[in-house]
Amino acid sequence: RTAGVSVLIYNVLGQSVRTLLDDVVLGPGAHAIRWDGRDAAGQELASGIYVCTLKAGKLMRARRIVLLR
């Protein structure tokens, strides 16, 4: 079964800094995406802790990630 998948990156203040996927329909199985450490305007973000959220159908997961420059 397919689901619309969204992957967003937030800073520690809860502000969205980048949308990697926005309601993209993906089939079952493993998928990989890569974040280049830039915000939506293409500017490099500072080293620090960010939160990556994944939404797929009714599933939502959030993980802290560390960006090191």
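Select Asn11 and Leu13: a polar atom of the Asn11 side chain lies 3.0 Å from the backbone nitrogen of Leu13. This is a polar contact, a term for a pair of N or O atoms within 3.5 Å; within protein, one must be able to donate a hydrogen and the other to accept it, and residues adjacent in sequence count only if both atoms are side-chain atoms.

The model is predicted: local features need pLDDT of at least 70, and side-chain atom pairs count only at pLDDT 80 or more, while totals for chains, interfaces and linings use all residues. Residues are numbered from 1 along each chain as its sequence is written, and side-chain values use heavy atoms, with hydrogens and water left out.

Asn11 itself is placed in the loop between strand E1 (3-10) and E2. Strands (E, at least two residues) and helices (H or I, at least four) are DSSP runs, numbered from the N terminus.

Is Asn11 buried or exposed? Its relative accessibility is 16%, so Asn11 counts as buried. Buried means under 20% relative accessible area, exposed over 50%, and partly exposed in between (1.4 Å probe, protein chains only).

Now display Val17 and Tyr50. Both are in contact with Asn11, when its neighbours within four places in sequence are left aside; contact means heavy atoms within 4.5 Å.

Keep Tyr50 and select Trp35. The structure holds one aromatic pair. Trp35 and Tyr50 form this pair, which is edge-to-face, with 5.5 Å from centre to centre and 70° between the planes. Rings of Phe, Tyr and Trp (its six-membered ring) pair if their centres lie within 6.5 Å; planes under 30 degrees apart count as stacked, over 60 as edge-to-face and the rest as tilted.

Which parts does the pair tie together? Trp35 lies in the loop between strand E2 (16-26) and strand E3 (48-56), and Tyr50 lies in strand E3, so the pair links parts that are 15 residues apart in sequence. Trp35 is buried, at a relative accessible area of 18%, and Tyr50 is buried as well, at 7%.

Finally, show the whole protein chain. The chain has zero helices and four strands, in the pattern β-β-β-β along the sequence. Its C-alpha trace spans about 40 × 20 × 20 Å along the principal axes. Of the 69 residues, 22% count as buried.
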